[in-house]
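Work through the exercises below with the sequence and the structure side by side. Try each task before you read its solution.

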Amino acid sequence: MLLQQQLDGKITEQKDTGTPLLQVRNLKKYFPITSPFGRLKGHVKAVESVNFDLYEKGTLGLVGESGCGKSTTGRSILRLIEPTEGSVNYRGKDLLQLNQREFKGFRKEMQMVFQDPHSSLNPKKRIGELIEEPMEIHKIGTKADRMERAMDLLKRTGIREDQYFRFPHEFSGGQRQRIGIARALAVDPAIIVLDEPVSALDVSIQSQVLNLLEEIQDEFKLAYLFISHDLSVVRHIADEIGVMYLGHMVEKAPTDDLFANPLHPYTKALLSAIPIPDRKQRRERIIIKGDVPSPIDPPSGCVFHTRCPFAMEQCKSIKPEMLQQSDGHQVACHLYN
Amino acid sequence: MEVAKPIQHNQLVALEKDIKKERRQLAVKRFFSNKTVLAGSIMLIFLTLFAFIGPLISQFTPLQIDPANRLAKPSAEHWFGTDNFGRDLFSRVAHGAQVSMGVGLSVAVLTAVIGMVIGLYAAYYSALDHILMRISDALMAFPDILLAIAIMAVLGPQPVNVVIAVTLAKIPVVARIVRSSALVIKEQTYIEAMRAQGASSWRIIWRHILPNTVSPLIVQVTYVFAIAIILEAALSFLGAGVPAPDPSWGNILYDGKIVIYNAWWMTVFPGAFIVMAVLALNLFGDGLRDLLDPHSNKALKE
């Protein structure tokens with residue numbers, strides 16, 4: 001009964017989304033390559049025209065193999081890397097148009113949790129200070145308030161309060177990631193960019209951290225941008241998944257829809273690579289040949305055509321548009337035109 | 001979910017005290033289990049006491065001339081003998097300790113502070129890095145002693161100028177050490193995390209990069225201390241350092257050079273003190289490096 005209510009609630013939430021919290025449009029990031037004498041030799045096209053929306057309490061998973069631009073996307077939104085082009089609208093305000101000073105006010109709305117829990121905490125600082133620091137930077141509360149909130153957050157993320165004065169090296173990887181999450185929560189953000197938050201952890205610890213992330217999402221009304229290369233992790237946590245390949249978003253769909261009915265050949269190949277525990281249940285594996293082309297000189301037309309088993313003549317010349325196939329399911333592929 | 005009672009404020013203060021006490025005890029234990037740093041510190045304490053108590057227990061002043069008693073052997077009256085003007089050598093070596101170690105300490109403190117600032121900012125701002133590091137390349141291209149002599153020739157022989165000359169010669173070394181470790185720290189994720197918070201560059205440099213570069217800095221500075229003592233002695237020996245008749249270990253050696261075949265005490269005593277000071281500082285620096293480096297945590301493993 002209760003479960004049903006919760007499910008109903010979730011569905012209405014998804015439908016009743018209204019305006020998205022964060023709208024990313026046409027995001028591009030080109031890294032210039034210069035010769036030793038400063039001459040421009042070309043660009044690494046790390047992110048190419050990425051579009052997505054992030055809704056309150058929603059989770060968008062970004063998946064793709066390493067080097068496909070998913071981390072760059074996350075960092076561009078936070079302006080840790082300045083994007084080349086595009087717009088990032090947060091509650092109707094284009095963040096990329098703001099100067100650094102104006103943007104600082106928005107930084108506390110968007111926080112980040114990093115992949116490596118060992119290097120994301122300053123080893124010379126006590127964990128309490130680490131959690132208080134964001135509040136200090138944004139001048140929130142008095143010293144006593146901040147301390148109280150740091151204690152609360154430690155407790156909330158599953159670290160004993162009396163560990164407040166300990167140093168990061170006294171904790172395990174999972175605990176440090178919890179401290180990293182507590183630090184992100186300190187300024188009460190609306191969005192957290194999770195950059196492979198569990199890939200450095202043991203599998204048993206991964207599920208604990210994922211459960212914690214789900215709990216606090218409801219409690220703090222957070223929207224997540226969850227970057228990962230691990231499809232099973234993303235499936236567990238994300239409402240919607242965007243699949244990225246060579247800087248392009250090739251398919252975007254609600255999680256269940258994507259797993260039940262993948263459309264893009266690349267997505268199909270990725271999904272068919274997930275091992276199935278049951279030996280009898282055979283599945284056709286789609287094996288893609290060759291390596292990822294260089295992002296300095298990406299293929300013409302559809303970037304995937306060099307490796308796609310279904311490539312047609314038009315794939316080599318015409319870049320496919322991201323088109324709506326069914327409710328919320330978009331794919332950029334000529335097979336579905 | 002159970003509602004846990006929040007920790008009371010006084011409980012917290014007690015907790016903080018406990019943890020700090022525990023840490024202090026651990027630090028003391030590690031200090032005493034490190035034989036190198038212990039030996040270095042004992043020698044340094046002895047030298048400091050000698051520099052400050054020596055002049056008090058000596059019944060002669062370092063400038064008191066007694067021509068009748070020239071080049072007297074060490075005796076009950078003149079513990080280290082007398083020099084070619086009949087001045088008491090013990091008193092001169094003790095005063096010289098003040099001068100030599102004072103110059104060394106001043107140089108160490110000044111190079112540490114200036115080198116640290118230069119190193120940190122050079123590491124953080126790459127445009128500044130090019131300018132500052134080319135200047136330091138130019139300074140490092142000269143041998144220390146030649147650079148110091150040139151500066152002394154311009155400024156004139158004064159103990160303060162010795163400090164300035166040696167400091168200028170040694171700043172690039174310290175700045176390089178700080179810069180190289182700051183460059184590594186700058187790329188760590190926790191610096192990126194601070195940037196994601198909108199932290200100012202002042203905060204990132206002083207609150208996050210600096211604490212992580214302090215250990216190599218301290219170790220380097222103890223070596224600079226030792227080198228500064230040698231350089232001061234060398235400058236005074238060459239006549240470009242602390243001017244006569246004020247004593248320093250270097251110019252006592254210089255006076256002793258002429259009479260080295262008939263008065264061994266005039267070279268042996270100041271020489272021995274220079275060796276002892278440098279050895280003490282090097283031992284101390286080596287030991288400190290082991291203490292501050294978390295990868296060689298010997299005391300913890302025992």
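Residues are numbered from 1 along each chain as its sequence is written, and chains are lettered from A and ligands numbered from 1 in the order in which they are written. In this predicted model local features need pLDDT of at least 70, side-chain atom pairs count only at pLDDT 80 or more, and totals for chains, interfaces and linings use all residues, while side-chain values use heavy atoms, with hydrogens and water left out.

**Exercise 1. The largest nonpolar core**

Task: find the residues with the most contacts inside the largest nonpolar core, and the elements that give two or more residues to this core.

Solution. 
Step 1. Start from the terms. A nonpolar core is a set of buried Ala, Val, Leu, Ile, Met, Phe, Trp, Tyr and Cys residues joined through side-chain atoms within 4.5 Å. Buried means under 20% relative accessible area, exposed over 50%, and partly exposed in between (1.4 Å probe, protein chains only).
Step 2. The largest such core has 74 residues, and those with the most contacts inside it are F50(B), F80(B), L89(B), V93(B), L120(B), I209(B) and W249(B).
Step 3. Elements of chain B that give two or more residues to this core include α2 (35–57), α3 (89–124), α8 (201–237) and α10 (265–292). Helices (H or I, at least four residues) and strands (E, at least two) are DSSP runs, numbered from the N terminus.
Step 4. The element that gives the most to this core is α8(B), with 16 residues.
Step 5. Take W249(B) as an example, with contact meaning heavy atoms within 4.5 Å. Leaving aside neighbours within four places in sequence, W249(B) is in contact with residues including V93(B), M101(B), I229(B) and F273(B).
Step 6. Another core, of 58 residues, lies apart from this one; among its residues are V63(A), A184(A), L213(A) and L12(B).

**Exercise 2. The course of a helix**

Task: compare the end-to-end distance of α8(B) with that of a straight helix, and locate the kink in α8(B).

Solution. 
Step 1. The expected span of a helix is 1.5 Å times one less than its number of residues.
Step 2. With its 37 residues, α8(B) would reach 54 Å if straight, but its end C-alpha atoms are only 46 Å apart.
Step 3. A kink of about 50° lies at L210(B), shortly before the proline P211(B). The bend at a residue is the angle between axes fitted to the seven residues ending there and the seven starting there.
Step 4. After α8(B) comes G239(B), with a positive phi near 85°.

**Exercise 3. A sheet in chain A**

Task: give the order of the eight strands in the open sheet of chain A, and name the edge strands.

Solution. 
Step 1. Two strands pair if DSSP finds at least two bridges between them.
Step 2. The order is β6-β7-β8-β3-β9-β10-β12-β11, with mixed pairing.
Step 3. The edge strands, each of which pairs on one side only, are β6 (110–113) and β11 (323–326).
Step 4. Within the sheet, β10 (residues 248–254) and β12 (residues 329–331) run antiparallel and are joined by two bridges. K252(A) stands opposite Q330(A) in β12(A).
Step 5. Helix α7 (residues 203–220) of chain A lies across β3 (59–63), β7 (191–195) and β8 (223–227), and runs at about 155° to β8(A). Axes here are lines fitted to C-alpha atoms, for helices over the stretch in contact, and angles run from 0 to 180 degrees between N-to-C directions.

**Exercise 4. Buried or partly exposed?**

Task: decide how M110(A), R156(A) and K57(A) count by relative accessibility.

Solution. 
Step 1. M110(A) lies in strand β6. This residue counts as buried because its relative accessibility is 1%. Leaving aside neighbours within four places in sequence, its contacts include L22(A), F103(A) and I191(A).
Step 2. R156(A) lies in helix α5 (residues 143–156) of chain A. Its relative accessibility is 17%, so R156(A) counts as buried.
Step 3. K57(A) lies in the loop between β2 (40–54) and β3 of chain A. Its phi is positive, about 65°, although K57(A) is not a glycine. K57(A) counts as partly exposed because its relative accessibility is 25%.
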